[in-house]
Amino acid sequence: MSEHQHWNMQTIAMVSSPYKQKFAIPRQPGLVKHAYGVIEMLPEFSHPDFLRGLDAFSHVWIQFVFHETADKGWSPLVRPPRLGGNQRKGVFATRSTFRPNPMGLSVVEVVRIEQQEGKSRIHVRGLDLLDGTPVLDIKPYLPYADAHPGALGGFADERPDTGLGIAFSDAAEAFMQQQSEYPQLREFITEVLAQDPRPAYQKDAHMDKDYGMHLYHFNIKWRVHNEKNYVFSIE
């Protein structure tokens, strides 16, 4: 066995996600329950046999590639946003996207499995994956082995709570009511903004600043004022 081994990995599926940019993606899966997406198997893995029996599981593990940051390099120390971006931790003590091997792991809820016209798709929700993410592997989530209620979470031991409320302008409310393609768009936007996607260094700034994010094919603009997210435009 050689001292340094290299492995060739094959993409088995691609992710279709409402997150069209890295900004605003929740930092962990399951935090945004209304984030619906699709894992579409590539043609060579679309035969029904590959997914036979998977519909008996409520959740699956998705192993994927951080394709947007894979060529950006990495460092043994990173600054986790959970710590305000001011403290350094070892890369293997974090879930940073900048890693020696740019691979991630997410657990998502299975909504349904679709097999139609020679294509296989896994419809999921609660995902934290960028649109177009390559998938390397899919495994069923096993509650008896994968859930450890008494486990320690280090510096991220509790679910983040920003305490930020949310309000929509009349124009934004009207837009959401007029569109019918995504009936739970309001809940989705609310859950995304509840995570406070702003850069860590800007969260303590005492001034109004406008932000924008792309969810599905919508451009959503908001600002934080008086401890509340105010969505003033959806286009």
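Me: What makes strand β3 and strand β8 partners, and in which direction do they run?

Reply: In this predicted model, local features need pLDDT of at least 70, side-chain atom pairs count only at pLDDT 80 or more, and totals for chains, interfaces and linings use all residues. Residues are numbered from 1 along each chain as its sequence is written, and side-chain values use heavy atoms, with hydrogens and water left out. Two strands pair if DSSP finds at least two bridges between them. Five bridges join β3 (residues 59-65) to β8 (residues 134-140), so the two strands count as paired; they run antiparallel. Within this pair, Gln63 stands opposite Asp137 in β8.

Me: What is called a strand or a helix here, and how many of each does the protein chain have?

Reply: Both are DSSP runs numbered from the N terminus: helices are H or I with at least four residues, and strands are E with at least two. On that basis the protein chain has three helices and twelve strands.

Me: Which strands close into a barrel, and in what order?

Reply: Six strands close into the barrel, in the order β1-β2-β7-β6-β3-β8, with antiparallel pairing. The twist averages 45° from one strand to the next, where axes are lines fitted to C-alpha atoms (for helices over the stretch in contact) and angles run from 0 to 180 degrees between N-to-C directions.

Me: Why are β9 and β10 called edge strands?

Reply: They belong to an open sheet of four strands, ordered β9-β12-β11-β10, with mixed pairing. β9 (165-168) and β10 each pair on one side only, which is why they are the edge strands. The twist in this sheet averages 30° from one strand to the next. Six bridges join β11 (residues 218-225) to β12 (residues 228-234), and these two run antiparallel. Val224 stands opposite Asn229 in β12.

Me: Why is Arg198 called buried?

Reply: Buried means under 20% relative accessible area, exposed over 50%, and partly exposed in between (1.4 Å probe, protein chains only). Arg198 has 7% relative accessibility and therefore counts as buried. Arg198 lies in the loop between α3 (185-194) and β10 (210-215). Of the 235 residues in the protein chain, buried residues make up 38%.

Me: How do Ala24 and Glu117 compare with the accessibility limits: is each buried or exposed?

Reply: Ala24, in the loop between β1 and β2, has a relative accessible area of 6% and is therefore buried. Glu117, in the loop between β6 (103-116) and β7 (119-125), reaches 77% and is therefore exposed. Phi is positive at Ala24, near 85°, and at Glu117, about 50°; neither residue is a glycine. Ile25, in the loop between β1 (13-16) and β2 (36-41), has 17% relative accessibility and so counts as buried.

Me: How do you know that the radius of gyration agrees with a compact globule?

Reply: The radius is taken over C-alpha atoms, and the globule rule is 2.2 Å times the number of residues to the power 0.38. For 235 residues a compact globule would have a value near 18 Å; the protein chain has 19 Å, so the two agree. The C-alpha atoms fill a box of roughly 60 × 45 × 35 Å along the principal axes.
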